[in-house]
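Here is a short walk through one protein model. Take a look at it first, then read on.

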Amino acid sequence: MLDNAFVMVGIILLINIVYVSFFTIRMILTLKGQRYLAAFISVFEVIIYVVGLGLVLDNLNEIQNLIAYAVGYGIGVLVGMKIEEKLALGYTTVNVITTDLAGGLPNELRNKGYGVTNWLAEGREGQRLMMEILTSRKSEMNLYNTVKDLDPKAFIISHEPKAFHGGFWVKGIRR
């Protein structure tokens with residue numbers, strides 16, 4: 001079966017897609033502090049890597065195998081990112097700046113279950129209402145859409161927090 005060039009290319013391509021997807025997910029889990037799950041995944045990642053690399057090195061004179069390995073690597077990065085996007089691990093902090101000082105946007109968001117801290121800020125063209133909102137990454141797009149529905153002109157920016165202590169979300173975040 002491995003004598004057929006098309007089968008060999010397909011196997012190498014598939015192995016590398018799976019390997020790099022595992023690699024991408026393991027790296028993301030490591031960055032998110034999920035060390036034991038990341039270590040568990042790395043066992044399978046290395047086995048797949050060694051098998052795939054062995055197939056390429058055993059047939060290094062076949063350029064199509066090397067190309068399949070490289071293409072599989074690139075596709076694996078995309079697949080791994082897509083899987084991580086679907087898992088949406090962790091939390092994000094969303095900052096919202098609005099000119100609507102009396103529109104009740106913070107309370108509307110609180111009524112939807114979001115923890116909102118707000119204060120008045122000074123912008124180039126006058127006073128603004130600044131809000132900081134912590135949400136799970138799974139709920140991030142829903143939050144964006146809610147803010148856009150309530151204030152289409154709101155400025156929205158987000159970032160991933162690295163640590164938590166105290167506040168509205170602490171009990172729900174602890175593992």
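The protein exposes about 11300 Å² of surface, and carbon and sulfur atoms supply 62% of that area. Accessible areas come from the Shrake-Rupley method with a 1.4 Å probe, and for residues only the protein chains shown count as cover. The model is predicted: local features need pLDDT of at least 70, side-chain atom pairs count only at pLDDT 80 or more, and totals for chains, interfaces and linings use all residues. Residues are numbered from 1 along each chain as its sequence is written, and side-chain values use heavy atoms, leaving out hydrogens and water.

Now the layout. The protein has six helices and four strands. These are DSSP runs, numbered from the N terminus: helices are H or I with at least four residues, strands E with at least two. From the N terminus, the order is α-α-α-β-α-β-β-α-β-α.

The radius of gyration is 23 Å, well over the 16 Å that the globule rule gives for 175 residues, so the protein is more spread out than a compact globule. That radius is taken over C-alpha atoms, and the rule is 2.2 Å times the number of residues to the power 0.38. Along its principal axes, the C-alpha trace spans about 75 × 35 × 25 Å.

Next, a helix pair. The axes of α1 (residues 5–31) and α3 (residues 63–87) come within 6 Å and cross at roughly 35°. Axes are lines fitted to C-alpha atoms, for helices over the stretch in contact, with angles from 0 to 180 degrees between N-to-C directions.
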